[in-house]
Structure formats: C-alpha cells, structure tokens
Amino acid sequence: MLVSAKEMLQKAKAGHYAVGQFNINNLEWTKAILTAAQECNSPVILGVSEGAGKYMTGYKTVVGMVEGMLEEMGITVPVALHLDHGSYEGCLKCVEAGFSSIMFDGSHYPIEENVEKTKELVAIVKEKGMSLEAEVGSIGGEEDGVVGRGECADPEECKMIADLGIDFLAAGIGNIHGKYPENWEGLSFETLAAIQKRTGDMPLVLHGGTGIPEDMIKKAIDLGVAKINVNTECQLTFAAATRKYIEEGKDLEGKGFDPRKLLKPGFDAIVATVKEKMELFGSIGKAE
C-alpha cells in the first residue's frame with residue numbers, strides 16, 4: 001500500500017538521516033528500487049517526472065504498476081509514489097490518478113504566485129491524505145526541459161511557503177540536476193542553516209544528489225535535510241552495465257533476442273547503487 005511521505009520524512013528529520021527518492025522510468029527501474037528498499041529495510045520514495053509519466057503512458061499506468069509490484073513482491077517497507085517537479089496541472093492529474101505524494105515546483109513563478117498555487121494544493125492534498133513538497137529557489141541543471149542556474153533560495157521566502165502547511169520543502173542551495181561541473185562551488189551551508197532556522201521542524205529536501213561529496217551530504221542531513229533525490233547516478237550505472245553486456249555480445253542468443261537478459265545487468269546496477277545511497281543517507285533499517 002502506498003503511503004504519504006510526510007511521516008517517513010518527519011521520522012528522518014528527527015532521527016538525523018535522510019530518505020532517498022529514486023526516480024523511476026520503467027518496470028525494471030521500479031522493481032530494482034523496491035528490491036533494494038526491501039532488502040535494506042529502508043523507507044523509499046519513488047519519484048516520477050512528468051516526462052517519465054508520459055513515457056509510461058500516463059500516471060494511472062504508473063500507479064497500477066507500482067501498486068501491483070508492492071503486492072506481488074510482498075513489499076513491507078513504507079513506499080511513497082511522488083510526482084517530481086510537477087506543474088500545477090500535473091499535480092492535479094497525479095491527485096486524480098492515486099499518487100500518494102506530489103511536488104509542486106513553483107520556483108519559476110514570482111513568489112506571490114508560488115504562494116497562491118501552493119496554498120491551493122495544500123488544501124487539496126490534505127483532503128486526500130497525500131503529502132506535498134514545494135520549492136523555493138531554482139535547482140540548477142535541466143529537468144524535463146526546465147533549466148535552472150542553481151540559485152540560492154531566500155530564507156524568508158522559504159518561511160512563507162513552509163507556513164502554508166506543506167509537508168517538506170526543496171530549497172535551492174547551489175545544487176544542480178545532472179553531473180556537477182569541475183568549477184562547482186559546492187553547497188551553500190550558510191543558506192541551508194538560515195532556512196533551517198526559519199522553518200523549524202520542516203523536513204528539507206536536497207535535489208541533485210548525484211555527485212555531491214559524501215561529507216557535504218552528511219552535513220546537509222545534520223542541517224535538516226531529510227530527503228535526497230538521486231536520478232542521474234542510476235541512469236549512468238544502468239547505461240554502463242547495459243553497454244558492457246552488449247559489447248560483450250551476450251545479448252546474441254541462438255534462439256533470438258531476450259530483453260530480460262539485456263536489462264538484467266542494468267537492474268543489478270541500480271539495486272547496488274540504491275543500496276549504496278541508502279547506506280550513505282543512514283536510512284537502512286529505519287522502516288517501521
């Protein structure tokens with residue numbers, strides 16, 4: 001059964017660890033992440049971008065696939081199905097489809113419009129028992145065609161959004177999506193500390209978890225980050241394992257092509273990557 005991410009992140013914030021959000025793109029990715037979470041006894045958040053949702057034919061298909069896997073695989077750890085960087089319209093579609101959590105990315109709007117739309121969604125998700133993530137300050141890099149420069153959020157604007165009744169907050173602190181450039185200046189812990197001071201017990205979210213040094217990850221968790229998003233690293237490990245399998249010619253079977261064999265190395269690579277991140281985030285054994 002899918003659950004809201006609210007309780008798992010409140011526990012993570014209080015326990016000084018973070019829950020990983022791992023984006024899904026197909027059946028293999030979803031199965032791999034759930035396999036790792038169950039073996040590690042760790043709560044997990046399955047992230048779905050609007051692009052991935054469209055690729056998988058729609059949000060209702062995603063919900064059906066995930067709920068079916070939870071039952072068939074005997075998953076007992078808490079699992080939230082979460083819209084990642086959703087538009088206002090996308091959020092409404094995921095509410096209707098049966099997601100258990102949504103993110104409204106209003107960071108590209110003027111703060112007044114971000115507040116207005118977030119406030120409307122707060123009322124909607126509370127009726128449904130869902131959790132809501134909001135964003136202040138754009139995250140650098142590209143996410144479904146939206147490019148951000150990695151701006152640092154205004155702590156006062158973060159407080160304005162947090163006070164609306166959202167469940168967790170993504171605030172730009174110099175982090176970016178995708179691979180980090182060599183000249184990246186690192187996370188702004190001064191900004192993160194200021195946001196933490198103004199938002200109190202609100203769980204904070206770190207997007208762009210791939211490529212951030214481990215010491216920075218741990219310091220961010222100490223400063224209130226309770227959810228860390230990982231996508232690029234899974235993409236890279238999946239691609240590398242699949243490419244190696246093809247180059248070795250192992251996909252050429254005498255009886256024909258077997259896609260299950262082709263995708264198995266990538267599946268195993270994602271399982272290993274997710275377990276590694278759960279250990280870093282401190283979420284192993286935290287499922288209840």
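This is a predicted model: local features need pLDDT of at least 70, side-chain atom pairs count only at pLDDT 80 or more; totals for chains, interfaces and linings use all residues.
Residues are numbered from 1 along each chain as its sequence is written, and side-chain values use heavy atoms, with hydrogens and water left out.

User: Why is Ile111 called buried?
Analyst: Buried means under 20% relative accessible area, exposed over 50%, partly exposed in between (1.4 Å probe, protein chains only). Ile111 has 14% relative accessibility, so Ile111 counts as buried.

User: Why does Lys275 count as partly exposed?
Analyst: Its relative accessibility is 29%, therefore Lys275 counts as partly exposed.

User: Which residues is Ile111 in contact with, leaving aside its neighbours within four places in sequence?
Analyst: Contact means heavy atoms within 4.5 Å. With those neighbours left aside, Ile111 is in contact with Glu157, Met160 and Ile161. Ile161 is 50 residues from Ile111 along the chain, yet their C-alpha atoms are separated by 8.8 Å.

User: What makes S3 and S4 a pair?
Analyst: Two strands pair if DSSP finds at least two bridges between them. Strands are DSSP runs (E, at least two residues), as helices are (H or I, at least four), numbered from the N terminus. S3 (residues 79-86) and S4 (residues 101-104) have three bridges, in the parallel sense.

User: Where do Ile111 and Lys275 sit?
Analyst: Ile111 is in helix H6 (residues 111-128). Lys275 is in helix H11 (residues 259-281). C-alpha to C-alpha, Lys275 and Ile111 are 37 Å apart.
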